[in-house]
Amino acid sequence: MTDAEPVTAADLELMQDLAQRVTATRPDLVNSDASYGELAWNWGRGHACDGASRRRRMWFSGGELVAWGWVFLPRRVRRSDGSVKEITAAYLAYQVHPGHAGLVDEVIGWYDGTAAGFERTVLPNATDEFALRRWAAHGYRTDPASLGDTGSWTQLNERDLTDLETPVLPDGFRFRTADEAGPKAAVQAHLDAWGPSTYTAEGYQGVRRTAAYRGDLHILVEAPDGTMAASTIMWLDEANRTAEFEPVGTHRDYRRRGLARAMLLHGMHRARAAGATHMTVACLGAPGHPQARGLYYGVGFRQFTRDVPLIRAAAGGRRDRRRPG
């Protein structure tokens, strides 16, 4: 395998296997880009529209993957409302097994070479003190633009699956699965919650291609008029008996009705029935983004870890958004 190819489905499974091994021993070191579910979601939704702008490299020991880097290069993206966004900064997702921590220097060196000439951003885990020192040694600094009230750093939240409340929906609403509702409804539910978005029917097909996807764990809330008013996908890591919500969204016309809360509770009941004993969900952690954090805290989640936004400026000081679209 070379280091100039997009991530393949086979690569994804290796990366998820590493995520499972890190979760089993040092769950505090799993950042929001390298979790079992986030990897599947990011690969599936993005491979159709901008897979060619993503590059990866993998490091092995004894035939086992122990580190990887996944660069999102600058690109132009077209969104669901027809608008086009220019992304001029590079972004790196990565994971290094704690038993091979020294490889972080190789990951950084590869990133700097692959994205040379562009502003470069990365979000290492705040718990990973060794990695933070190495990023600093390579010239990366805390990004002040990401640390304000509306900053873009992410926190990971967790809870166990005991003592679950019974979900209650407003009259006329009902829970559905993606298997029941079908692909068209599943895609539209995401666009209604997150649009404008780069998500497409092809992106959803990519999500469904991942080995981790289960249509029975892709939950929607149907309104009385047939609109899919909320949706979420749960990613079940059977090896660690944990499940992850990603993404979670509610149609703009159906917010503040308790739909997301009921959907999360319903999802956790389903995850527990599927064998999970633990649940995670990520959200923006800055003070100016309280909505999702409040929702998750309201159903029993609490912050577990967070990431640290780092940046290395390009020549000329060009700047852009911190994370991939």
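A pocket, as I use the term here, is an open set of grid points with protein on both sides within 12 Å along at least five of seven lines. I worked throughout on a predicted model.

**Entry 1: the second largest pocket**

I looked up the volume of the second largest pocket and noted about 250 Å³. Its lining comprises 18 residues. Thr23, Asp237, Thr242, His278 and Thr280 are those that lie nearest the centre of this pocket. I then asked which elements give two or more residues to the lining. They are α1, α2 (36-50), β8, β11, β12 and β13. The most comes from β12, which gives 3 residues.

**Entry 2: the sheet**

I next traced the sheet to which these strands belong. It is open, has 7 strands and shows mixed pairing. I recorded the strand order as β9-β10-β11-β12-β13-β8-β14. At the edges I found β9 (174-177) and β14 (302-306), each of which pairs on one side only. Neighbouring strands are turned by 30 degrees against each other on average, with direction ignored.

**Entry 3: pairing, strand by strand**

Strands β11 (residues 228-237) and β12 (residues 242-250) run antiparallel and are joined by 7 bridges. Within the sheet, Thr232 stands opposite Val248 of β12.

Between β12 and β13 the sense is parallel, and I noted 4 bridges. Ala243 has Met279 in β13 as its bridge partner. I followed the chain from β12 to β13 and found that it passes through helix α8 (residues 259-273). This β-α-β crossover is right-handed.

For β8 (residues 154-160) and β13, I noted antiparallel pairing over 7 bridges. Here Arg159 has Met279 as its bridge partner in β13.

Strand β13 (residues 278-284) is mostly covered, with 5 of its 7 residues buried.

**Entry 4: helix α1**

Finally I turned to α1, one of the elements in the pocket lining. Helix α1 (residues 9-25) has 17 residues. From its first C-alpha to its last I recorded 25 Å, close to the 24 Å expected at 1.5 Å a residue.

Which residues of α1 are buried? I listed Asp11, Leu12, Met15, Gln16, Leu18, Ala19, Gln20, Arg21 and Val22. For reading such a list I kept in mind that an α-helix has 3.6 residues a turn, so residues three or four places apart point the same way.

Methods
Residues are numbered from 1 along each chain as its sequence is written. This is a predicted model: local features need pLDDT of at least 70, side-chain atom pairs count only at pLDDT 80 or more; totals for chains, interfaces and linings use all residues. Side-chain values use heavy atoms; hydrogens and water are left out. Two strands pair if DSSP finds at least two bridges between them. Axes are lines fitted to C-alpha atoms, for helices over the stretch in contact, and angles run from 0 to 180 degrees between N-to-C directions. Buried means under 20% relative accessible area, exposed over 50%, partly exposed in between (1.4 Å probe, protein chains only). A crossover is right-handed if, with the strands pointing away from the viewer, the path from the first strand over the helix to the second runs clockwise. The expected span of a helix is 1.5 Å times one less than its number of residues. On a 1 Å grid over the protein atoms alone, a cavity is a set of points where a 1.4 Å probe fits but cannot get out, and a pocket is an open set with protein on both sides within 12 Å along at least five of seven lines; lining residues have an atom within 4 Å of a point. Grid points are joined across faces, edges and corners, and a volume is the space filled by probe spheres set on the points.
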